[in-house]
Amino acid sequence: MFKFIIRRLLQTIPVLIGVSILVFSMMHLIPGDPAQILAGESAPKEQVENIRERLGLNEPIPMQYFSYVTDAVQGDLGSSMRSGRPVSEEIGARFWVTVEFSIYATILGVFLGLIAGIVSATRKYTFLDTSLMLVALFGLSMPNFWLGLMLIQWFSIGIDLPAWVPFFDNTSWFSPSGWGNFDQLVLPVITLGTGSAAIIARMTRSSMLDVIGQDYIRTARAKGVKETIVIYRHALKNALIPVVTVVGLQFGSLLGGAVLAESVFAINGMGKLIIDSITARDFPVVQGTILVVALLFVLVNLLVDITYNFLNKRIDLD
């Protein structure tokens, strides 16, 4: 397994290089001059030119990219054009906000999705199965931003919520003060967790139905093994491999920022940081944030692959 981990970590290098080239190119294709944005529309040309010179924007694009990669390899992601702070500090201030947000949403999605998927698979083609899958289909089709706006309308504006749900304060929004902001996370987590739950539920049902039809399941039932043991010990464990893949992808996408949910709920996470930086054409922050997200996504996929080996020893990672 050690060789597999080293090999996968080495494979992240070309991935990060490709991401950096793509993001760097796309940022320079966006209309507008960042120096003009920083100086203001009415700023004199001399001031704009001085800003361009200070930021190195007068250099050829290949030289700008080479300088950026050289500094990034040494751990320097540059400084924000807007605030002047190091990009690592800008990301650090938002990183744990998004991580906490993503972990809670993933836990909710896995909990609801596994339960719904197992119940649907064990009661195939019943009214309960059809109802759960219709709800899952609704969850897949429903835009996250719309659900977030509806939750705000129902629970924060339309109802005197604190009278019966004490953990939500409709007078305050999410603040990036670290772990423990659950009172401000409830509605955002529900908004994103339900979408993940729908995907996990459908995948769990499909995988469970495939496993339940296997010969060893019929053999276990023929031997008189209790149905709960057959389902949860034999069937579920072998059905979890594709589900773990989906969970990893969902968690990776949530780490990407869940941009719409963060915008709706005014969460100062990495997604909102990316949007604000793109609007201001803050090249270093956009590039640094997307590189961090890409690295996290690769590491999550690595963790998923390692989990396969624990679920099924027959899977040889080396």
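This is a predicted model: local features need pLDDT of at least 70, side-chain atom pairs count only at pLDDT 80 or more; totals for chains, interfaces and linings use all residues.
Tyrosine 65 counts as buried, at 18% relative accessibility, where buried means under 20% relative accessible area, exposed over 50% and partly exposed in between, with a 1.4 Å probe and protein chains only. Phenylalanine 24 is buried too, with a relative accessible area of 6%. Residues are numbered from 1 along each chain as its sequence is written, and side-chain values use heavy atoms, with hydrogens and water left out.

Now to the rings. Rings of Phe, Tyr and Trp (its six-membered ring) pair if their centres lie within 6.5 Å, and planes under 30 degrees apart count as stacked, over 60 as edge-to-face and the rest as tilted. By this rule there are two aromatic pairs. The rings of phenylalanine 24 and tyrosine 65 have centres 5.4 Å apart and planes at 70°, so this pair is edge-to-face. Because phenylalanine 24 lies in helix α1 (residues 2–29) and tyrosine 65 in helix α4 (residues 61–73), the pair ties together parts that are 41 residues apart in sequence; helices here are DSSP runs of H or I with at least four residues, numbered from the N terminus.

Phenylalanine 95 and tryptophan 96 also form an edge-to-face pair, at 5.0 Å centre to centre and with 80° between the planes. Of these two, phenylalanine 95 is buried, with a relative accessible area of 17%, while tryptophan 96 is partly exposed, at 48%.

Technical notes. Helices (H or I, at least four residues) and strands (E, at least two) are DSSP runs, numbered from the N terminus.
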